[in-house]
Amino acid sequence: MIDWLLAVAIIIGGYFALRYFFIKHALKEVNKELQDIQKDMAQNQILHLPMPDRDLEQLILTINAALDEVRKERQSYERHEKEFQQQIENISHDLRTPLTVILGYIRFMKKSTKEGNPLQDQAEALSVIERKAGTMEKLVSQFYAYSRLNAKDYPLTLQEIDACRILRESLMDNYQILEKAGLEVDSRLPEHPVMVQGETGALDRIFSNLFQNAGRYADSFLEIHIKESREKTFITLTNDTDKISREELPYLFDRFYVQDGARNQDGTGLGLTVARLLAEAMDGDLTVELVDERKKEDGEKKVIICFNLSLENASS
């Protein structure tokens, strides 16, 4: 009986000793593979189980899942780094262009003055300098506003305001931009006040950014109208454009997004981003949708789009 128990004990001990040996060997192999993977995380490598074992298999699956998440995070980080680098280049271009013009005019004026031949029309030169300096001021203002909004450091005091009045005033302030773009403006606005929950400066900035966007990209017309419902007010700006395609619509609110053909139009790619963030800060929303897509006589396509701004009514 004792011999039988001893034999059983030896067999069980041998089994656990052998299992311990195999598990230790398996862990060494797994550790070696993990060290190789760590040297180059870009490679799509996974850990392999050198021996069948249910518990080890679950451990390997968990580690492989973690490695996959790390690779996805790494790829996402690298992609965002490339996008950020491109955005920095675009910002540098946007700031450098008006600055180059300003410095060029200043140097030319200084040179002409030193040579005893002052510019005949210094007023025109100063006008160009002032205009380009104003462009730089707008660029910096957009960057600053976006930075604060993105950091949730742009507190707004919401109160009852007349959205229709602010819209009319903003339209008048930006009418020269729309007229210069050759747009036929059709504003269908109610005569009575349209009271919403909001902040006057923020709402004016939204309208101004939308009008300036229309001045850059609209082709021939801009329609503006207000629709009131029980709980919300909807303000819609509709225009046609051949500078934006159907495929680009989902990216219009992305920060620093500017169409390649519009890079020379003093745009930051932040106007619509800031407008949407301000709308959301007032418990509203700003969206864009495709209304129609048409072919022009030259075969090129143009789209008709509308920007929809929704705001909470003051009485809701």
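The questions and answers below set values from this predicted model against the definitions behind the labels.

User: How many helices and strands does the chain have, and in what pattern do they follow along the sequence?

Analyst: The chain has six helices and seven strands. Along the sequence they follow the pattern α-α-α-β-α-β-β-α-β-β-α-β-β. Of the 316 residues in the chain, buried residues make up 36%. Among contacts between residues at least 6 apart in sequence, 68% join residues at least 24 apart.

User: Why is Leu203 called buried?

Analyst: Buried means under 20% relative accessible area. Leu203 has a relative accessible area of 1%, so Leu203 is buried. This residue is found in helix H5.

User: What does Leu203 touch, leaving aside its neighbours within four places in sequence?

Analyst: Leu203 is in contact with Ile161, Ala163, Ile166, Met282, Leu309 and Leu311, with neighbours within four places in sequence left aside. Ile166 is 37 residues away from Leu203 along the chain, and their C-alpha atoms are separated by 7.4 Å.

User: Why is Gln212 counted as buried?

Analyst: The relative accessibility of Gln212 is 15%, and the cut-off is under 20%, so Gln212 counts as buried. Gln212 lies in helix H5. Apart from residues up to four places away in sequence, Gln212 touches Asn174 and Ile177.

User: How are the axes of H4 and H5 placed relative to each other?

Analyst: Two packed helices are described by the angle between their axes and the distance between the axes. For H4 (residues 163–180) and H5 (residues 200–217), the axes come within 9 Å and cross at roughly 35°. The crossing of H4 past H5 is right-handed. On the H4 side, the residues making the contact include Ile166, Leu167, Asn174 and Ile177. On the H5 side they include Leu203, Phe207, Phe211 and Gln212. By class, this contact of H4 with H5 has 10 nonpolar, six polar and one charged residues.

User: What makes a group of residues a nonpolar core, and which residues touch the most other members of the largest one?

Analyst: A nonpolar core is a set of buried nonpolar residues such as Leu, Ile and Phe, joined through side-chain atoms within 4.5 Å. The largest nonpolar core has 48 residues, and Leu203, Ile206, Phe211, Ile235, Phe307 and Leu309 touch the most other members. The elements that give two or more residues to this core include H3 (122–150), H4, H5 and S7. H5 gives the largest share, eight residues. Another core, of five residues, lies apart from it, and its members include Ile102, Met109, Ala125 and Met136.

User: How do you know that Ile235 is buried, and what does Ile235 touch?

Analyst: The relative accessible area of Ile235 is 1%, which is under 20%, so Ile235 is buried. Ile235 is found in strand S5. Leaving aside neighbours within four places in sequence, the contacts of Ile235 include Ala163, Leu167, Phe207, Phe307 and Leu309. Phe307 in turn touches residues including Ile235, Leu237, Leu252, Phe253 and Leu272, not counting residues up to four places away in sequence.

User: How do you know how many disulfides there are?

Analyst: A disulfide is a covalent bond between the sulfur atoms of two cysteines. The rule asks for a pair of cysteine sulfur atoms within 2.5 Å. By this rule the count is zero disulfides.

User: Why is Ser310 called buried?

Analyst: Ser310 has a relative accessible area of 9%, under the 20% limit, so Ser310 is buried. Ser310 lies in strand S7 (residues 301–312). With residues up to four places away in sequence not counted, Ser310 touches Lys232, Thr233, Phe234, Gly284 and Asp285.

User: Why is Asp283 called exposed, and where is its place?

Analyst: Exposed means over 50% relative accessible area. Asp283 has 53%, so Asp283 is exposed. The place of Asp283 is in the loop between H6 and S6. Asp283 has a positive phi of about 65°, although it is not a glycine. In helix H6 (residues 271–281), the buried residues include Leu272, Val274 and Leu278.

Technical notes: Residues are numbered from 1 along each chain as its sequence is written. This is a predicted model: local features need pLDDT of at least 70, side-chain atom pairs count only at pLDDT 80 or more; totals for chains, interfaces and linings use all residues. Side-chain values use heavy atoms; hydrogens and water are left out. Axes are lines fitted to C-alpha atoms, for helices over the stretch in contact, and angles run from 0 to 180 degrees between N-to-C directions. Helices (H or I, at least four residues) and strands (E, at least two) are DSSP runs, numbered from the N terminus. A crossing is left-handed if the near helix is turned anticlockwise from the far one by less than a right angle, and right-handed if clockwise. Contact means heavy atoms within 4.5 Å. Ala, Val, Leu, Ile, Met, Phe, Trp, Tyr, Cys and Pro count as nonpolar, Asp, Glu, Lys and Arg as charged, and the others, Gly among them, as polar. Buried means under 20% relative accessible area, exposed over 50%, partly exposed in between (1.4 Å probe, protein chains only).
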